[in-house]
Amino acid sequence: MSRLVVVSNRVAVPGESRAGGLAVGLEAALRTRGGLWFGWSGKVRGDSGRLHEQDEGDVRYVTMDLDQADHDAYYNGFANRTLWPLLHSRLDLVDYARETRAGYRRVNALFADKLAPLLRDSDVLWIHDYHLIPLAALLRERGVGCRIGFFLHVPMPSADLVSALPEHGRLFGTLYAYDLVGFQTVRDADRFRTYARIFGGATIESDGTVALPGGGQVAVGAFPIGIDAARIAEQSAAAVAKPAVRALRESLSGRQLAIGVDRLDYSKGMPERFRAFGRYLERHPAERGRMTFLQIAPVSRGDVAEYQHLRDQLEGIAGHINGTHAEPDWTPLRYVNRNFAHATLTGFYRMASVGLVTPLRDGMNLVAKEYVAAQDPEDPGALVLSMLAGAAAELDAALLVNPYDLDGVADAIARAASMSLSERRERWESMMRPIRDYDIHVWCRRFLERLGEVST
Ligand SMILES: O=P(O)(O)OC[C@H]1O[C@H](O[C@H]2O[C@H](CO)[C@@H](O)[C@H](O)[C@H]2O)[C@H](O)[C@@H](O)[C@@H]1O
Ligand SMILES: O=c1ccn([C@@H]2O[C@H](COP(=O)(O)OP(=O)(O)O)[C@@H](O)[C@H]2O)c(=O)[nH]1
């Protein structure tokens with residue numbers, strides 16, 4: 001079997017447990033298959049390009065430091081202030097500067113310079129996400145000849161939206177350097193084909209391959225990322241004994257728990273969710289005092305202005321909801337800006353009779369799948385899920401909501417809280433089918449099999 005080389009900005013180096021679905025997913029995939037994982041060290045220090053190596057089991061981690069200027073331009077700048085809002089359909093938040101774009105290109109070139117000498121022609125190279133779109137083209141320029149696949153973890157928006165990015169073709173056109181480009185959903189893959197047709201002059205073959213006017217071709221497919229469902233079920237059953245999980249249960253004094261778990265990111269729709277919870281308390285006064293909503297929201301991309309603004313905003317809304325609705329012995333909304341270990345989270349999920357996953361736009365959203373997989377099969381909770389999350393394509397047995405419709409979300413919370421056991425079981429079984437059948441290992445295998453099949 002060829003060696004697998006995975007490249008992503010975020011690397012889950014042993015001992016690091018920062019929130020984020022990409023790292024959680026790739027960690028599970030690499031643990032099984034082994035290989036090399038290359039990416040940013042997570043450290044901003046010294047000169048860019050200093051490498052660190054570490055082995056754990058069959059995985060070799062090679063990570064690279066970035067200096068402050070590169071980190072600001074590449075990660076805080078073009079990746080997270082230009083591409084992230086663009087790809088999440090937030091044109092109002094896109095901040096475009098030629099300088100950060102040049103920094104993004106410079107860091108991608110540095111990734112290519114450092115990675116190319118580590119590669120063999122027999123390797124299979126799998127590059128991840130919007131931070132590294134031009135990397136294959138840059139590696140090809142450096143003579144790398146192995147198969148290269150790309151997976152976009154975030155949504156692929158419409159061609160019209162992408163075209164708002166100045167010189168979008170110079171960036172998105174580098175996707176044609178890959179042998180296979182994968183997306184979270186069929187609709188994302190279709191939007192990429194449409195983009196390639198309109199702006200790349202491509203034709204689309206019957207199997208969905210993008211055929212370029214110059215004769216090249218790119219295989220395109222939907223590969224919805226999954227979770228390690230079996231492990232999460234095991235962890236959640238065992239987690240009841242964890243002190244943090246027991247403490248949470250005791251603190252509820254018999255009340256129902258609703259849970260939200262999200263990086264502190266505007267794509268996750270937390271202001272709307274908090275307001276919808278407030279609306280639930282207003283529209284369903286008989287329910288007051290019966291449910292506590294716990295929102296876990298570890299700080300993410302904290303150097304970026306829009307994220308700082310969101311934090312201020314959420315503190316205001318949370319204070320308002322509690323100020324309006326709390327009783328001396330009941331705080332309706334608990335808002336916690338801490339990162340929790342994955343295993344502890346599974347215990348929290350299992351305790352919650354309602355899971356609230358209401359992003360305004362999300363590539364997949366692994367929390368939705370984790371919440372379902374962590375439930376007690378005999379007495380599962382109910383999931384309220386945004387129809388604008390990639391996960392909704394598979395989890396259509398959740399209570400699907402439009403996150404902008406606050407009354408709709410409020411009523412869905414009430415419905416989830418009082419759902420009969422038989423309906424909860426039925427919905428849970430339906431949601432577990434794709435979660436079990438397309439788990440993280442299947443995701444990895446399907447992508448790599450397809451990459452192995454494409455003619456290069
Ligand atoms: O690395 P960070 O800047 O701390 O951000 C964390 C990750 O956020 C995004 O995750 C996406 O990937 C998930 C798994 O496929 C998916 O479920 C979710 O919908 C996406 O938002 C980002 O795309 C990753 O690159 C980040 O590492
Ligand atoms: O305190 C936390 C909060 C979140 N997560 C994990 O971070 C991931 C978030 O992935 P998701 O796809 O939902 O969204 P992303 O953050 O990647 O946009 C999930 O595996 C969560 O279990 C975690 O380990 N600790």
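Residues are numbered from 1 along each chain as its sequence is written, and chains are lettered from A and ligands numbered from 1 in the order in which they are written. Because the model is predicted, local features need pLDDT of at least 70 and side-chain atom pairs count only at pLDDT 80 or more, while totals for chains, interfaces and linings use all residues.

The open sheet has 6 strands in the order 13-12-11-14-15-16, with parallel pairing. Strands here are DSSP runs of E with at least two residues, helices are runs of H or I with at least four, and both are numbered from the N terminus; two strands pair if DSSP finds at least two bridges between them. Strand 13 (333-336) and strand 16 (399-401) are the edges: each has a single partner strand, so one side of each lacks a neighbour in the sheet. Direction ignored, neighbouring strands of this sheet are turned by 20° against each other on average. Within the sheet, strand 14 (residues 354-357) pairs with strand 15 (residues 382-386) in the parallel sense over 4 bridges, and Val354 stands opposite Ala382 in strand 15.

The loop between strand 11 (256-261) and helix 10 holds Tyr266. Tyr266 counts as buried because it has 20 C-beta neighbours inside 10 Å; the cut-off for buried is 20 or more other C-beta atoms within 10 Å, with C-beta atoms placed from the backbone. Apart from neighbours within four places in sequence, Tyr266 is in contact with Glu306 and Leu310, contact being C-beta atoms, placed from the backbone, within 7 Å.

Helix 10 (residues 270-283) and helix 14 (residues 406-417) have axes that come within 8 Å and cross at roughly 65°. The axes are lines fitted to C-alpha atoms over the stretch in contact, and angles run from 0 to 180 degrees between N-to-C directions. On the helix 10 side the contact includes Phe277 and Tyr280, and on the helix 14 side Val409 and Ile413. By class, this contact has 8 nonpolar, no polar and 6 charged residues. Ala, Val, Leu, Ile, Met, Phe, Trp, Tyr, Cys and Pro count as nonpolar, Asp, Glu, Lys and Arg as charged, and the others, Gly among them, as polar.

Ligand 1 is surrounded by 18 residues, the closest being Gly20, Gly21, His153, Gly363 and Met364; a residue is near a molecule if its C-beta atom, placed from the backbone, lies within 6 Å of it. Helix 1 (residues 21-33) gives the most to this shell, with 4 residues.

Methods. Contact = placed C-beta atoms within 7 Å. Buried ≥ 20, exposed ≤ 12 C-beta atoms within 10 Å, placed from the backbone.
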